[in-house]
Amino acid sequence: MAAVRHRQVEANGISMHVAEAGPEDASAPAVLFVHGFPELWYSWRHQIEYLAARGYHCVAPDLRGYGGTTAPPEPSSYTTFHIVGDLIALLDALQLPQVFVVGHDWGAIVSWNLCLLRPDRVRALVNLSVAFMPRRPGVKPVEYFRASYGDDYYVCRFQEPGVEAEFSAFDLKSFFKLALTVQTTGSSSMNLRKMQAYNKEIKLPIWLSEEDISYLASVYAKTGFAGGVNYYRCLDLLENYIMHHHLRTASCMHQSSCIWLTCVHRNWELMAPWTGAKVQVPAKFIVGDGDLAYHHPGVKSYIHKGGLKRDVPMLEEVVVIKGAGHFIQQERAQEISEHIYDYIKKFGTGVSTLNISKL
């Protein structure tokens, strides 16, 4: 692996752990990698090596709540504005006026919103697995997932106070082996109860090593999962979910529980001013045909029948990789690295001035 430099960077009121590789001089084009759940900067190790060797300054932070980056305890500290704000402040601290952005999973959602809110800082975007999700005024995200997959779907269960404690029942190495390799569909995805009951031997695929698993397990053993779970709690109104399930009012006798009832400002509400706004950044989207996110109701039609192109007018290419699953940048490391490089290299090394349309 290419020599990776690690440091802490103060940005947006938190301390961010950042992994970097490649040339450090200001003239080198920079690539910002944005990871998902349950991941870390480490998910981009192959792409970092590949692009650093080709002259790119690679920057891969642990996002807020993950790894070596500060993890505020309040769910209200994980809105889109917090996460995008962290990345803008990080670019400022590193003196990077404009970067290429590559995102995956939750990192793809963050990256779409980074481009929506601050297109001036993004030269071009390559997003993996999760397509842009325009704000739908009449449909809250958690309601969508509950209607599609039921209350036990992980996105819905993650709304519940204290659910992150269930991860402590796992042997973390076994958890990550399951989470990264076992193909699931529909409501079985990230089902903690089913994962705890899984007793079959897990043979790692060639793209994942025991060393990789050990690294993830060792970091999460220190940090826990609360930070990552809080991203899901910011999808829309947690208060409605709690009342929907008639959680015992006695749980609010404790101050630590009361924050769940008072943290009601979430991404769906806060992004209302951007309803109908377009992502005005050159973009490429890549997804595996075995990825659950590709099979959510309506997603294929949205991607292939003009919806994604309508909302991302500068979308230049959609790539569907046969036989690939969700953690595609690790599973198909060489192929994804080549896709990223082949796309971003055509933009050269300069900073562009985009013609950004007004809302």
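Which residue in S6 does Val99 stand opposite? In this predicted model, the residue opposite Val99 is Val122 of S6.

The protein contains 16 helices and 8 strands. Of its 359 residues, 56% count as buried. Among the contacts with a separation of 6 or more, 78% are between residues 24 or more positions apart. The average pLDDT is 83, and 81% of the residues score at least 70. In residues 237-265 the pLDDT falls below 50, and this stretch has 41 contacts beyond near neighbours in sequence. Residues 353-359 also stay under 50, with 11 contacts beyond four places in sequence. Where pLDDT is low, predicted coordinates should not be read in detail.

S5 pairs with two strands that are described here. Strand S3 (residues 30-34) is parallel to S5 and is joined to S5 by 4 bridges, with Leu32 having Val101 as its bridge partner. Strand S6 (residues 122-128) also runs parallel to S5, through 6 bridges.

S5, H3 and S6 together make a right-handed β-α-β unit. The loop between S5 and H3 holds Asp105, which has a positive phi of about 60° although it is not a glycine. Most residues other than glycine have a negative phi. Asp105 counts as buried because its relative accessibility is 8%, and the cut-off for buried is under 20%.

Helix H3 (residues 106-117) includes Ser111. With a relative accessibility of 0%, Ser111 counts as buried. A polar atom of the Ser111 side chain lies 2.7 Å from the backbone oxygen of Gly107. Leaving aside residues up to four places away in sequence, Ser111 touches Val34, Val101, Val102, Gly103, Leu125 and Asn127.

A cis peptide bond, with omega about -10°, joins Phe37 and Pro38. Pro38 is placed in the loop between S3 and helix H1 (45-52). Most peptide bonds are trans.

Strands S1 (residues 5-11) and S2 (residues 14-21) pair in the antiparallel sense over 7 bridges. Within this pairing, Arg7 has Val18 of S2 as its bridge partner. The two strands form a hairpin with 2 residues between them. Asn12 lies in the loop between S1 and S2 and has a positive phi of about 55°, although it is not a glycine. Its relative accessibility is 39%, so Asn12 counts as partly exposed.

Helix H2 (residues 80-93) has 14 residues and reaches 20 Å from its first C-alpha to its last, close to the 20 Å expected at 1.5 Å a residue. Buried residues of H2 include Thr80, Ile83, Val84, Asp86 and Leu87. Ile88, Ala89, Leu90 and Leu91 are buried in H2 as well. The helix is followed by Gln95, which has a positive phi near 55°.

Definitions and conventions: Residues are numbered from 1 along each chain as its sequence is written. This is a predicted model: local features need pLDDT of at least 70, side-chain atom pairs count only at pLDDT 80 or more; totals for chains, interfaces and linings use all residues. Side-chain values use heavy atoms; hydrogens and water are left out. Two strands pair if DSSP finds at least two bridges between them. The expected span of a helix is 1.5 Å times one less than its number of residues. Buried means under 20% relative accessible area, exposed over 50%, partly exposed in between (1.4 Å probe, protein chains only). A polar contact is a pair of N or O atoms within 3.5 Å; within protein, one must be able to donate a hydrogen and the other to accept it, and residues adjacent in sequence count only if both atoms are side-chain atoms. Contact means heavy atoms within 4.5 Å. pLDDT is the predictor's confidence in each residue, from 0 to 100. A crossover is right-handed if, with the strands pointing away from the viewer, the path from the first strand over the helix to the second runs clockwise.
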